[in-house]
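This report covers selected residues of one structure. The sequence and model are shown first.

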Amino acid sequence: MDASTSTKGGRPEAIVYSTRLPNLGNQTIKNSASTTMITRSTAAGEPIPPHFQFATAAQSEETMRFRVEMLTYFSAVKGKWGHESDTSFLPTIGMNEKGGMNDPEFEKYFLENIVRLYPDAADVPGKRVMLKVDSGPGRLFLSLLVNARTLGFYLYPGVPNTTAVTQETDQNYGPFKTQFQQNLSDLSDARIHGRHVTSLPPWIVGLIVFGGVDPESGHIIQ
């Protein structure tokens with residue numbers, strides 16, 4: 001808990017625990033790793049393959065590593081998008097220090113995840129693709145905007161904090177968020193009841209998103 005009444009600010013040591021969890025009384029970790037998930041859908045309602053951005057301490061791309069087991073929980077996403085017929089693509093992954101998006105990472109996400117969905121896109125009438133995005137990092141990155149326009153993609157950034165007005169995010173992803181939270185709750189309960197480790201490593205995020213069998217408890221997420 002933060003010392004909100006302190007004149008000097010800062011965060012003193014705090015112990016937060018639940019009687020339902022093992023290892024009671026452990027100090028909370030204030031700098032745990034985070035994982036970002038990016039997903040979207042087309043105007044026709046087709047899902048875009050998700051992208052997972054993981055945190056890493058590696059100082060270069062050559063030294064970045066990920067758990068191969070992570071791929072066993074990834075499922076291909078099927079759609080037509082800009083192809084002649086239905087096509088399937090797996091999710092994409094990225095890594096940086098904080099496990100979040102910045103200008104270069106968002107550009108790489110666009111080039112590796114989005115462009116492949118519209119192979120016939122071009123900056124000519126009838127071939128352009130508009131991407132409506134939120135106001136996060138990278139949306140006004142000059143290098144991205146130049147590459148996107150050259151390939152026939154136009155980015156349309158949304159106004160910050162307008163979810164309550166447009167409701168697009170809530171309408172598209174409200175049910176997904178609800179199911180994700182339910183899967184996470186069910187998985188946590190299964191591990192608690194079986195007296196298994198309750199911490200979930202980042203590489204297991206695909207289990208909660210797509211479903212599968214928990215390697216610790218054997219619990220099945222549909």
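## Arginine 139

A polar atom of the arginine 139 side chain lies 2.4 Å from the backbone oxygen of proline 137. A polar contact is a pair of N or O atoms within 3.5 Å; within protein, one atom must be able to donate a hydrogen and the other to accept it, and residues adjacent in sequence count only if both atoms are side-chain atoms.

Arginine 139 sits in the loop between β6 (129–133) and α2 (142–151). Helices (H or I, at least four residues) and strands (E, at least two) are DSSP runs, numbered from the N terminus. Arginine 139 has a relative accessible area of 8% and is therefore buried (buried is under 20%, exposed over 50%, partly exposed in between, with a 1.4 Å probe and protein chains only). Leaving aside residues up to four places away in sequence, arginine 139 touches Phe106, Val133, Asp134, Leu145, Leu155 and Pro157, where contact means heavy atoms within 4.5 Å.

## Basis of the model

The model is predicted: local features need pLDDT of at least 70, side-chain atom pairs count only at pLDDT 80 or more, and totals for chains, interfaces and linings use all residues. Residues are numbered from 1 along each chain as its sequence is written, and side-chain values use heavy atoms, with hydrogens and water left out.

## Positive phi values

Tryptophan 81 is not a glycine, yet has a positive phi of about 50°. This residue belongs to the loop between β3 (77–79) and β4 (87–89). With a relative accessible area of 9%, tryptophan 81 is buried.

Arginine 195, also a residue other than glycine, has a positive phi near 55°. Arginine 195 is placed in the loop between α4 (168–193) and α5 (205–210). Its relative accessibility is 79%, so arginine 195 counts as exposed.
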